[in-house]
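Keep the 3D view open as you read.

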Amino acid sequence: MANLWFILLLHLTVVSVTTSQNCGNTSIRLEENISYSFNFQQNENMQVICEWEVTADEGLVIMMMGSFCCDYKRINQHFKMYKGTTKDQSSLIAIKSKYNKIAVDEAPSTVLMEYIANYTSNFSLSITMLATQNSTCGSAINASAGEGDIDVQRSTTHYLNKFHRNGICAWTIEAEEDEVIQLLITELDMRTVVPEAGYSDSSYLEIYDGVQTDSSLLVRARSDDELLPVTSRTRLLLIVLTLNEDFGFADAYFAARYKSFNKSAILRDCGGDISGDEGVVLSPNYPANYDNLRVCEWRITVEDPFFVRMEIHDIDIGPLFAPYPCAGDSLLFTGAYPSGDSGSNFRLCGMRINDYGLVIYSVNNSMTMRFVSDWEDNGRGFNASWRKVAVVSVVTPIFLDTSVLACQWPQQTTEGWIQSPGFPSSYPDNVNCLYEIQIPYYQAGYFITFTFDSFNLQEPDSKGSCIYDYLEILQVPWNNPGYVIPPEAKKVCGREPRQSLTTYFPTTLHFVTDSNITKGGFNISFVRTMAGCGENLLVGDKGFVTSPNYPGTFPPGLRCETTIRVEPGHNITLTFESFSLGYENNNCLWSMRGILEVYDKNSSGSILIGTYCGYSSPQPITSTSNEVTLVFTSSYNYFDTGFNATYVSTSALTGKYLSFLMYEVFSAVIFQVVDVLEVQFYEIV
């Protein structure tokens, strides 16, 4: 018995009580909504029975949750719980177990716990108990008009170890006559108790436009769903959170903000149905700021079996970061997914494009864009264009029926080849093919080299424009904070290009033909390469120096050193044409992305001229010697493009040698007057 022990912890609001007792008949009293932690451990083989009687006030239910080790397959043989104080089969309570977790989601106000050590060693039990009302998260809350919050985590004590019992939570929000309600969902996260199971598919949130579940359903969502602000059309909102996990408990967090407005304040005069081959979609008032309380929905449809390709050129929609990312103003694509990803819903907000990309594809021949703004911040909005395409991404290719189109695909995305349909035979009429070569997700520093092994399309028109059959080359950054300007799209036709081509961002080759002349087509090989440091020594009177992979994104984890050297007796002026190294922090003592140091040379070594980071170009830098060294260091990077600078050698002569300077510039004049004048030169100190 000396080797058997357990610890009983009582957690109060301001104090904790620890009680240590021997195994035996023990009475445990639970106070309402005050949790008890109970730990028991057996270290040696022996045969013994321990019992604990647990009681609470009449009308309360007892919940239990915990973990055990190590014979989980026979947990119900070692640890039992009974209704009341009688140990018989009819009063036995089923203890749910999975992996090493155990739980009882509802037991009466008096239970008997029993531990049976049947020559079992190394057994430990750690549980927490709570006596509470027979409710999941309290009764329904009727919120009055105006502004308020809903928070499941803080608004109720009816949870155990931050886990909620299975059940239904309901809130009703009621506004004044002629008012509607806008609800911002700031957090929705529902998981099972067992961490290995991840997000839950059994628990969900529903929002109704009215006070009954037979009213209009506005939203039905789970944890991983993309959500926009919800705006009612009536003066009532019913919010229902259903927790329904196999284990009896859910790790659930739900928080929302709401506010009521006069019906006339909600602006719905935007959006509509769009069809055709291409078009533009702008937020209201773009490029001026959009209004608060906007609700817009566009439905874009193209003919089957084609798809919609949407490209976002500019975005400034509310705050991306604190305090509630994308909970307010946001743009939701339904029936679509970003390039390099999969799924059927995609949401954008902030002042930069989401990490997946600027290009979004429909999953079939239509997509929906829904833009909603809340009552607080606003911004410039968005500028997007769309067009009908036949085939989508190489990363997640969708092949159409070969009777419609036969676009061939690269065998892999690191290196491979792209061919026109039917190559080496002539390509067909009316082709609309899209080949997309992706940069690896969330990795910077790559460039793609295309080699045109064979290229023969219809010749350009009399003005040299490719308007008949052409290959359009587009570079689209997968993450653009707004200031990255990718190279303009390039159209090629006829027998051009004859040389290789390098791109620095995810690249799309768009092949289009008309219904007239056809040619032999193209065979293009490509290879994707991670950039490294460039040349470490630059000489000459003038030139340029860039960060690795410029104008693309610089790679992470580099330290590159480049020395510029000109003729002795001259110095160097360095001028920055562009500069984007990431956010500045503490005068560049620590930078999340890139730092540039510039050193001047003197007789004793090198002197630091300055350390630079951020997005503002440094002022022109002039050395005092004929040599400067640039040291570029990158920690990690998502989308910054580094720097591009020019350098030029300038004279380092002082007034001490003014005579030679005058001779070089005014030699003709000097030779004319030297016979009649005594020219005296002064040293300028």
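This is a predicted model: local features need pLDDT of at least 70, side-chain atom pairs count only at pLDDT 80 or more; totals for chains, interfaces and linings use all residues.

A disulfide is a covalent bond between the sulfur atoms of two cysteines. The torsion about the S-S bond of Cys466 and Cys493 is about -75°, so this disulfide is left-handed. Cys466 sits in the loop between strand E36 (446-456) and strand E37 (470-475), while Cys493 sits in the loop between strand E38 (490-492) and strand E39 (501-503), so the pair ties together parts that are 27 residues apart in sequence. Cys466 and Cys493 are both buried.

The structure holds three disulfides, so let's visit the others. Cys270 and Cys296 form one of them, and their sulfur atoms are 1.8 Å apart. Because Cys270 lies in the loop between strand E23 (249-262) and strand E24 (271-275) and Cys296 in strand E26 (residues 295-301), this pair links parts that are 26 residues apart in sequence. The link of Cys270 and Cys296 is left-handed, with -85° about the S-S bond. Cys270 and Cys296 are buried.

Now find Cys533 and Cys560, which a disulfide joins with an S to S distance of 1.9 Å. Their link is left-handed too, with -80° about the S-S bond. Cys533 belongs to the loop between strand E41 (521-530) and strand E42 (537-539), and Cys560 to strand E44 (residues 559-565), so parts 27 residues apart in sequence are tied together.

Cys560, with a relative accessible area of 6%, is buried.

Technical notes. Residues are numbered from 1 along each chain as its sequence is written. Side-chain values use heavy atoms; hydrogens and water are left out. A disulfide is a pair of cysteine sulfur atoms within 2.5 Å. Helices (H or I, at least four residues) and strands (E, at least two) are DSSP runs, numbered from the N terminus. Buried means under 20% relative accessible area, exposed over 50%, partly exposed in between (1.4 Å probe, protein chains only).
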